[in-house]
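Here is a walk through a two-chain model, written for someone who would rather look than calculate. Keep the viewer open while you read.

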Amino acid sequence: MSTKTTIPDFRVTPSIDQVGIEERVARFTTRSIKKESKMQGMKMVLSMIDLTTLEGKDTEGKVQQMCYKAAHLHDVIPGLPTVAAVCVYPSMVKTAKEALKGTGVKVASVSTAFPSGQSTHEIKIADTKFAVDNGADEIDMVISRGEFLKGNYNFVFDEIASIKEACGKARLKVIFETGELSTLDNIRKVSDIAMYAGADFIKTSTGKISPAATMPVTLVMLEAIRDYYYATGRMVGMKPAGGISTSKLALQYLIMVNETLGADWLSNEWFRFGASSLANDVLMQIAKQNTGVYQSSDYFSKD
Amino acid sequence: MSKKEVKLKFNAAWDLAPAPEDSKHVSIKKQYDLFINGEFVKPNSKKYFATYNPATDEKISEVADADEKDVDKAVKAARAAFGKWSKLSGKERGKYIYRIARLIQERAREFAVIETMDGGKPIRESRDIDVPLAANHFFYYAGWADKLEYAFPNRNPKPLGVAGQIIPWNFPLLMAAWKIAPALAAGNTVVLKPAETTPLTALKLAELIRDSGLPKGVVNIITGAGKTGAAIVNHPDINKIAFTGSTNVGKWIQKSIAGTDKKCTLELGGKAANIIFEDAPLDQAVEGIINGIFFNQGHVCCAGSRLFVQESVADIVIRKLKDRMETLKVGDPMDKNTDIGAINSKQQLLKIQEYIEIGKNEGGEIYQSSCSLPKKGNFCKPTIFLNVSQSHRIVQEEIFGPVLAIQTFRTIEEVIEKANNIPYGLSAGVWTDKGSKIFNLTSKLKAGVVWANTYNKFDPTSPFGGYKESGFGREGGLHGLGAYLQF
């Protein structure tokens, strides 16, 4: 980050009008995406997925199976991309890294006492370092929502900055858990804090709280990324996670990205979907586009 | 840090394939007659004129040119129908109006497609705004038909008689609904003339009204140009003139009916101030600027055509506005992704282009989006002018196109003075996060409609109309109902 960047006063971040945001989102959802643009969009969606398993019952075996799926989405149809990354707990990073060797699929690890973030600074740093040392390419940290709601913005800022330092070369995604932050004004504020603190990506949710990602929340974050980009020249990525399970909805998100941030963000370097069941719905739509008919869901592997 | 240009690239990586709305399901006759006394009749002159699709310059149909004799016939039919219709119970009148509303909903798709073909507005707008709102107006006023005594308690409301209604080309079906629905609910009968460039949806509405079983002569729809309108205005047996259109014609109507006891409501031009304060939610305000000036190609009397931005946020708002303009899709109105369609007529396009030239010659700094325009048809790029002042003609005069004049301001007093410093007074917009600021402005802006943190929102329950040279009388809501009653 350039040393010239001035950190703004986070108590006075720009205000957001919820009704206006919802109206803008409604416009994105009426875009009609057909034929070759639909196919192009769906392939983009596949390549942007962070295929995720974050459960207490995860085992090495389950992670290995998911990793194979990540690199072989649907081999019956040639020319499909792989997903961008798999997203797992730190304890599974080693297994995933091994399983994905040579595939180009990255390994993302959640950290900092995911999903609640209710732990000490030392444990969060150790959690992050453990994942990075095991080969994680990306770290998905959670912020301390309690501290944020207390108005302790410096705490949140410093925590992100120190995790970023612990990440080393790994790219840092900062999860806000927007479902706990209540207002769009808060989401704008926390987006600014995270980006100025060094986040490479900002991410909506853990997937453990409802609501998870929504289009209005994502739009507020995309607009924050845009303002930050104009202010600093640095691109920050966006990852909505949780609740995006259909191809139609995913395409509407891409429309929103395209019309808010433009072409440069339409790649998995700058945009991701955190999802577990989205891939198969997209694959079904691609098969339908190719053959003209819908196929049974039994033709699509579930790993 | 490496020197990299900080700029967003829109429409570079992912172009949307054309998604045209199907028009095969609509039926448009080769020729339309005049709808008088419940049936379509040939015009006295035997003359017809063509109506064109402004996006392709192709002829769609031709419609009858009504002369004074035809107008007289229509007024006579309306007068003959008035007695029975006005004495019908409000409940029965309401039933007919509800039926019209439901039929519009049933035929919504056909109306939307024809509206777009005949007028050039994007299908997204005719489908999502014009047609549903038109149906809503009939629904709303149908509900009042049997409650006039409650709407105006102890005032003994009575219908006026025959209403002559002349409507513009920017919202052809919607304006017909605004005029016909309250008139019928109040117990009046109607002679309505749509604009000569966009007569088709009004004529389809005539077919729908015939199918609805409304008693003959209650609604008569006749087509023609200015002469036909003049014949309506000057007809001695008309009790009320309701006109929406240009200020010049409005002035002429006022002169023509002076000395008669005709009642009148006029909804005329505008040059609305859209005011952005530094504490406004800026991204949403930019959306409001876009909706304010580019909705319906700027062919909106209440368009937010004068933008006032507080100087402290002017640079950032203008950057955001330019970025947003880049994402607007201009072109085939029938494409479901089109944001800005065709300019309604060649004549209007020339007028807009003339104003763009005037703006350039006056020294305004022009910016247009980089979109390409279709080779055929009447199209205009979304346009903004920076560095202009109240003394520029493009700030003072109504352009009625996608052209925005942007000024900065510094204090509240300054912006109120400048916003009111115009012969018009139809509408205004205020953008701020502070509620008290909104109320301060709404009480000081001389505009019939003031939107706060939104723009171009319409609802049948909300009265609409202007101050000063933007006309008088209200349409919509109870006020709009009262305009068709005597007490």
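Which residues does Tyr229(A) touch, not counting residues up to four places away in sequence? They are Arg234(A), Met235(A) and Val6(B). Touching here means that the C-beta atoms, placed from the backbone, lie within 7 Å.

A word on bookkeeping before going on. This is a predicted model, in which local features need pLDDT of at least 70 and side-chain atom pairs count only at pLDDT 80 or more, while totals for chains, interfaces and linings use all residues. Residues are numbered from 1 along each chain as its sequence is written, and chains are lettered from A and ligands numbered from 1 in the order in which they are written.

Tyr229(A) sits in helix α9 of chain A. Helices here are DSSP runs of H or I with at least four residues, strands are runs of E with at least two, and both are numbered from the N terminus. With 19 other C-beta atoms within 10 Å, Tyr229(A) is partly exposed; buried would take 20 or more and exposed 12 or fewer, with partly exposed in between. Leu261(A) is 32 residues from Tyr229(A) in sequence, yet their C-alpha atoms are 9.6 Å apart in space.

Zooming out, the contact between the chains takes 31 residues from chain A and 26 residues from chain B. On the chain A side, α1 (18–29), α2 (35–47), α9 (215–232) and α10 (247–260) each supply at least two residues. By class, that side has 10 nonpolar, 11 polar and 10 charged residues. The classes go like this: Ala, Val, Leu, Ile, Met, Phe, Trp, Tyr, Cys and Pro are nonpolar, Asp, Glu, Lys and Arg are charged, and the others, Gly among them, are polar.

**The two chains side by side**

| Property | Chain A | Chain B |
|---|---|---|
| C-alpha extent along principal axes | roughly 55 × 45 × 35 Å | about 80 × 50 × 35 Å |
| Residues that are buried | 52% of 303 residues | 57% of 487 residues |

Chain A has 11 helices and 8 strands, and chain B has 16 helices and 22 strands. Chain B has a radius of gyration of 23 Å, close to the 23 Å that the globule rule gives for 487 residues, so it is as compact as a globular protein of that length. For chain A, the 19 Å agrees with what a compact globule of 303 residues would have. The radius is taken over C-alpha atoms, and the rule is 2.2 Å times the number of residues to the power 0.38.

In chain A, 8 strands make an open sheet with parallel pairing, in the order β7-β6-β5-β4-β3-β2-β1-β8. Two strands pair if DSSP finds at least two bridges between them. At the edges, β7 (237–239) and β8 (273–275) of chain A each pair on one side only. From one strand to the next the twist averages 25°. Angles run from 0 to 180 degrees between N-to-C directions, using lines fitted to C-alpha atoms, for helices over the stretch in contact.

Inside that sheet, strands β4 (residues 138–142) and β5 (residues 171–175) of chain A run parallel and are joined by 5 bridges, with Glu138(A) opposite Arg171(A).

The largest nonpolar core has 95 residues, and Val45(A), Ile49(A), Val86(A) and Val174(A) have the most contacts inside it. Such a core is a set of buried Ala, Val, Leu, Ile, Met, Phe, Trp, Tyr and Cys residues joined through C-beta atoms within 7 Å. Among the residues that Val45(A) touches are Leu251(A), Phe273(A) and Val282(A).

Most residues other than glycine have a negative phi, and most peptide bonds are trans. The bond from Phe114(A) to Pro115(A) is cis, with omega near 0°, and so is the one from Ser210(A) to Pro211(A). Ala113(A) has a positive phi, near 60°, and is found in the loop between β3 and α5 of chain A. In chain B, Asn37(B) has a positive phi of about 55°.

Technical notes
Contact = placed C-beta atoms within 7 Å.
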